[in-house]
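This report describes selected backbone, packing and void features of one protein model. Please consult the sequence and structure shown here alongside the text.

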Amino acid sequence: MKILVACSDFPYPADHGGRVDTWGRIQVLAELGYTIHLVVCGKQMPSETDMKVVKGYAEKVFLCGRKSKITDLLHADPMQVQSRTELRNVQVDKDYDYVLLEGDYVYPLLDNPNVGSATPILRVHNDEAVYFKSLAQSTRKAAHKLYYRMESRKFEQLSKKMLEKVDKYLFISSKEFEKFRREHPAATSQFLPPPVSKHFRKGSFTGKHVVFIGSLFMPNNREGIEWYLKYIHPLLLKEQDYKFIIAGNTRKMSLSWLEPYNLMNVVVHDTPQNLDDIYQSGYLFVNPMQHGAGVKLKTIEAIQNGLPVVSTSVGCEGTGLKDNEHIMVGDSPEEFYVRIRTLLDNPERAKSLLDASQQFIRKHYNHKDVLSSYIGSLQPTYPIKQVL
């Protein structure tokens, strides 16, 4: 079986949530014995080293440039989609069984005549209309608010167009999957959890370092950090050995948005090459996001890396993790602070929470089995050869 995977961004290195999900799936498809071709329409060309790694899994890689112009704002399609219209012309092969669209952004590929006979499957990373609406709520700049609101409305219309061409959907969020299944029962939809490593780290529960790791150029992550610095951080400064560790990719954007806050005992790692030491230095992870959509992979990755999580409801939605069983949830500053203090003051409780959340992920996040079963159900007589 031959599958064309279409990405809006080169999937390697897997240094943020979307790439983690996409790159893990490419690896799983290769392990299942499928022939994979990859087409990418992004801003930056990959390095030779990164390309070599990807070609260890994908037989062919096709690259095309993303082109944005101000007039794209006037188009009926979202700018994120309109800027990738070159996908209509890229010279991919003609004999694919399936085209796996990694998100709505690569929708123009469906107009490429070479893939007309392939069955399209959409990986839903976010409800993009909801996601862009949440970005509009998170940003403070008027121009950005206007852009995000325009994109949100356009994605609402695009989702209706998608339904005319795609009837097979793989959702990263269980919440969004259940909603879609109720509204579109005729579509072949499935909750496909993000791929997770087989290796789970143990927590150390020494010191009192609170960690946040996420893309620092995203308005919703910035908003969450600012909320934490305004309401939670000052209350914890009296705790001996407490530090707030912030790490993430800034895309060379300024960190001046942090300056209005008390940064005593705050450590910032701008675009770190490796996160292992940061995770290992932590006692617990916080996800204080106020707005968002889809699954926040930062929450899942923290648990894998040995940190129990205190989160807002937004930060853990769609994961299946339950409050006070797998994760601590607090939406008001008072609740959030109390949840953190509960874990900092009780290492045994922190450890039991981490153990429960890791066990939940091991049991329910079997990406390979769900994906194999889903593709097999589309063509049940097609033999699947798994590469061991």
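## Basis of the model

The model is predicted, so that local features need pLDDT of at least 70 and side-chain atom pairs count only at pLDDT 80 or more, while totals for chains, interfaces and linings use all residues. Residues are numbered from 1 along each chain as its sequence is written, and side-chain values use heavy atoms, with hydrogens and water left out.

## Backbone geometry

Most residues other than glycine have a negative phi, and most peptide bonds are trans. D241, although not a glycine, has a positive phi of about 75°. With 51% relative accessibility, D241 counts as exposed (buried means under 20% relative accessible area, exposed over 50%, partly exposed in between; 1.4 Å probe, protein chains only).

N324 also has a positive phi, near 70°, and is a residue other than glycine. Its place is the loop between α11 (313-316) and β13 (328-329), and its relative accessible area of 44% makes N324 partly exposed. A cis peptide bond, with omega about 5°, joins Y12 and P13; P13 belongs to the loop between β1 (2-7) and α1 (17-31).

## Nonpolar cores and selected residues

A nonpolar core is a set of buried Ala, Val, Leu, Ile, Met, Phe, Trp, Tyr and Cys residues joined through side-chain atoms within 4.5 Å. The largest has 50 residues, and those with the most contacts inside it are I225, Y228, F244, L284, V286 and I340. Leaving aside residues up to four places away in sequence, F244 touches V210, F212, I225, Y228, L229, H233, N265, V266, V267 and V286 (contact means heavy atoms within 4.5 Å). A second, separate core of 42 residues includes C41, A136, M162 and F171.

S311, in strand β12 (residues 309-311), is buried, with a relative accessible area of 0%. Beyond four places in sequence, the contacts of S311 are N287, C316, I327, M328, V329, G330 and F336. L74, by contrast, is exposed at 76% relative accessible area and is found in the loop between β3 (60-65) and α3 (79-82).

## Pocket and cavities

On a 1 Å grid over the protein atoms alone, a cavity is a set of points where a 1.4 Å probe fits but cannot get out, and a pocket is an open set with protein on both sides within 12 Å along at least five of seven lines; lining residues have an atom within 4 Å of a point. Grid points are joined across faces, edges and corners, and a volume is the space filled by probe spheres set on the points. The second largest pocket has a volume of about 680 Å³. Its lining comprises 28 residues, of which D127, E128, V130, K179 and E183 lie nearest its centre. α5 gives the most to this lining, with six residues.

Two cavities of 30 Å³ or more are counted. The largest, of about 50 Å³, is lined by I3, L29, Y98, L100, I121, L170, L371 and I375. The second largest cavity has a volume of about 30 Å³, and F10, V40, G42, Q44, M45, P46, L63 and C64 line it. β2 (35-42) and β3 are the elements that give two or more residues to that lining.

How values were computed: Helices (H or I, at least four residues) and strands (E, at least two) are DSSP runs, numbered from the N terminus.
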